[in-house]
Amino acid sequence: MRNANIYDFNWKKLIVPALILLGLIVAGGSYFTVPAGSVAVKLRFGKIVGSYTEGLHLKLPLVDNVEKFSVRIKKDSFDTEAFSKDLQTVGLTLAINHRIQPDTIISIYRNLGPDYTNTVLKPMVEEWTKAVLAKYSAESVISNRVQVAKELDEILKAKMAEKQVIVSDIAITNFEFSPQFLKAVEEKQIAEQEAKRATNLVEKVKKEAEQKILQAEAEAKSLRLQREVVSDNLIKLRQVEAQLKAIEKWDGRMPTYMAGGELPFVMVK
């Protein structure tokens with residue numbers, strides 16, 4: 001008889017604790033809180049029954065389920081690859097700021113789902129990045145970085161707006177190219193620098209030659225002018241000057257002989 005009492009358990013003692021536990025579960029599951037900067041969708045057996053902004057709200061315990069979304073600006077970074085116009089592989093990293101509006105939460109949940117960043121935004125980024133980069137050569141992608149980002153910004157803003165997602169900003173944070181392409185760019189830059197140095201050298205030699213030609217022309221012109229100045233009148237003037245100098249030196253005595261019957265100087269009356 002004593003052994004039978006060992007297995008005789010009094011289940012009545014568990015009723016009260018079980019009721020208390022059930023009451024706590026029901027009480028704890030009868031409300032939910034939406035934090036600041038978030039919205040929520042309430043589901044009942046998988047069906048949307050309402051949307052809620054920040055604050056405390058009621059729900060049916062064990063029946064209703066709540067999905068919460070942030071409406072603050074969210075920043076995501078995407079790594080993608082695309083072919084340039086000259087068929088070079090270009091790797092890009094894009095930083096995108098986006099958010100949803102509180103009054104569109106039901107539509108977002110129904111049409112895009114909670115993970116819309118990966119299911120909608122990322123594929124769209126990859127698709128339109130390929131379309132935009134296909135218009136640029138690999139080398140011009142770098143020099144037109146701002147323009148590329150602007151085109152992507154305009155397209156993605158419009159496309160995501162159709163999905164009721166607001167894209168506020170897009171930035172290209174990194175470019176990656178194949179080692180072969182980078183080597184080709186480096187060799188091209190070196191060749192351009194060498195060509196520029198050669199051009200500068202040619203220009204220098206050309207200017208020096210022009211200066212020598214100008215100098216020679218100036219000297220030739222000077223000689224020509226000098227020849228033009230030496231005229232018959234100048235020769236006569238030089239003869240008169242010579243005779244005047246002879247007169248100044250004459251001592252008043254006649255010469256003892258004359259050669260050819262000519263006076264040693266001209267008599268001026």
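Start by selecting strands S6, S7 and S8: these 3 strands make an open sheet in that order, with antiparallel pairing. Strands here are DSSP runs of E with at least two residues, helices are runs of H or I with at least four, and both are numbered from the N terminus. Two strands count as paired if DSSP finds at least two bridges between them. S6 and S8 (165-177) sit at the edges with a single partner strand each, so one side of each has no neighbour in the sheet. From one strand to the next, the twist averages 25°. Angles run from 0 to 180 degrees between N-to-C directions, and axes are lines fitted to C-alpha atoms, for helices over the stretch in contact.

Before you click on, know that this is a predicted model: local features need pLDDT of at least 70, side-chain atom pairs count only at pLDDT 80 or more, and totals for chains, interfaces and linings use all residues. Residues are numbered from 1 along each chain as its sequence is written, and side-chain values use heavy atoms, with hydrogens and water left out.

**Next stop: the hairpin**

Keep S6 (residues 74-83) and S7 (residues 89-100) selected; 10 bridges join these antiparallel strands. Pick out Thr-80 and you'll find Leu-92 of S7 opposite. Phe-83 has Thr-89 of S7 opposite. S6 and S7 form a hairpin with 5 residues between them, and Leu-87 in the turn has a positive phi of about 65°. While you're looking at strands: in a regular one, side chains alternate between the two faces of the sheet.

Show H4 (residues 116-133), which lies across S6, S7 and S8 and runs at about 40° to S6. Then show H6 (residues 145-162), which packs on the sheet, touching S7 and S8, with its direction at about 145° to that of S8. Contact here means heavy atoms within 4.5 Å.

How do the two helices meet? H4 and H6 pack at an angle of about 140°, with axes 10 Å apart. They are therefore oblique to each other; that label covers whatever is left once angles under 35 degrees are called roughly parallel, over 145 roughly antiparallel and 65 to 115 roughly perpendicular. To see the contact, select residues including Val-120, Met-124 and Trp-128 of H4, and Leu-152, Ile-155 and Lys-159 of H6. The contact residues divide into 12 nonpolar, 1 polar and 2 charged. (Nonpolar means Ala, Val, Leu, Ile, Met, Phe, Trp, Tyr, Cys and Pro; charged means Asp, Glu, Lys and Arg; the others, Gly among them, are polar.)

**Last stop: another sheet**

Select S3, S2 and S5, which form an open antiparallel sheet in that order. S3 (47-52) and S5 (64-70) are the edge strands, each pairing on one side only. S2 (residues 38-44) is joined to S3 by 5 bridges, and Leu-43 has Ile-48 in S3 as its bridge partner.

Finally, zoom in on Arg-44 and Asp-64: they form a salt bridge, with the closest N and O atoms 2.6 Å apart. (A salt bridge is a side-chain nitrogen of Lys or Arg within 4 Å of a carboxyl oxygen of Asp or Glu.) Arg-44 is in S2 and Asp-64 in S5, so to speak distant parts of the chain, 20 residues apart.
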